[in-house]
Amino acid sequence: MALDIVVFALWALASVAFASLIFYFKDIMHVAIALAFLFLSLSAVYLILGQPLLAVVQVFIMVGGVSTYLMVGSASAVVSRFKHSNVLAGAILSLVLFGMLFYPVVSSGAFGGSFPLTPLTASATEAAMESGIAPFYLLATLLFGISIGSIVLFKKAMR
Amino acid sequence: MIQLYMLALAFAVFSIGIAGVASTRHFLVMVVFVEVALSAAALLAVLFFDVSGSSYAIPLLFSIWGIAAAEVMALIAFYRYMVKEEVSLDVSKLSRFRG
C-alpha cells in the first residue's frame, strides 16, 4: 500500500511538473513535448487506478495522435518563439483556482476512503489486457522515442 | 470512496490548464492548455465512475478524447494558415488585424 502511494506520488508530481513546464518553455516544440510527457504521466496514473484499457487508449490517442499532430503541425510551419506566458501570474492563478476548486471537496468530508478497484473494463478486457499491457507500453515508448529523435535530427538539419 | 490525493491531482492539473488559458498570449499554447484541462477532466470522470456506479464513463471519456483530438486538428490548420499569412500569433495583437 505504501509503495502504491509512493509510485502514485512520483507520477502525480511528474504530471504537475510537465504541465507547469508549458508555462516556462518559449519554443512551441518544447511545449508540445511537455504536453506529450504529461499525457504519458496521466496514462501511468490510469494504470495505478486499475484501468489498463484507458491507459492504453490515452497513450494511443493523446500521445500518439494529438501530441504527434501538434509536434508535426508546429514543426512544419515556422517555429515561433517568444515569451508567451507570465509564469508568476500563471502560478498564482493556478494556486488560487486549485484552492477554490479543492477546498469545498475537502471540507465536505465526502471523500477520502479506500478506493475499491472496480475496473471500468473488467468484464470486457481484464484477462486479455492485464497480461498483455507491457508490449503496448514498450512499443509506445519506442515510437515516442523515435519521434523525439526525429525532432532533434530535424532541428539539427534546419540549422 | 475516492482518495483525496487522486482528486487533488486532477484538480491541480485542471487548475494549471485553466490558469494557462487565462494567462498566455500565444494562440497555440492556449490550445495546449485546453488539452491539459480536458485530460484532467477525463481523469476526474474516471475517479467519479465508482461513486456514480454507472457505465456512462466510457462513452464520456471517448467523447472527451475525440473532442480534444478534433480541436487540435482544426486549430493546427488555423495555426498553419496564420503562419502562412503572417498573422501575429500573439492573441493580444489580433484585434489590430485589418482584413
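**Stop 1: a helix pair in chain A**

Select helix 2 and helix 3 of chain A, which are roughly antiparallel to each other (an angle over 145 degrees). Their axes lie 8 Å apart and the packing angle is about 180°; axes here are lines fitted to C-alpha atoms over the stretch in contact, with angles from 0 to 180 degrees between N-to-C directions. Helices are DSSP runs (H or I, at least four residues), numbered from the N terminus. Colour this contact by class and you will find 21 nonpolar, four polar and no charged residues; Ala, Val, Leu, Ile, Met, Phe, Trp, Tyr, Cys and Pro count as nonpolar, Asp, Glu, Lys and Arg as charged, and the others, Gly among them, as polar.

The model is predicted: local features need pLDDT of at least 70 and side-chain atom pairs 80 or more, while totals for chains, interfaces and linings use all residues. Residues are numbered from 1 along each chain as written, chains are lettered from A in the order written, and side-chain values use heavy atoms without hydrogens or water.

**Stop 2: across to chain B**

**Stop 3: the whole interface**

Now show both chains: 58 residues from chain A and 52 residues from chain B take part in the contact. About 5100 Å² is buried, 80% of it from carbon and sulfur atoms (accessible area, 1.4 Å probe, lost on being put together and summed over both parts). Helix 1 (2-24), helix 2 (28-48), helix 3 (52-76) and helix 4 (87-108) of chain A each supply at least two residues of its side, and helix 3 gives the most, with eleven residues.

Notes: Contact = heavy atoms within 4.5 Å. Buried area = accessible area lost by both parts, 1.4 Å probe. Parallel < 35°, antiparallel > 145°, perpendicular 65-115°, else oblique.
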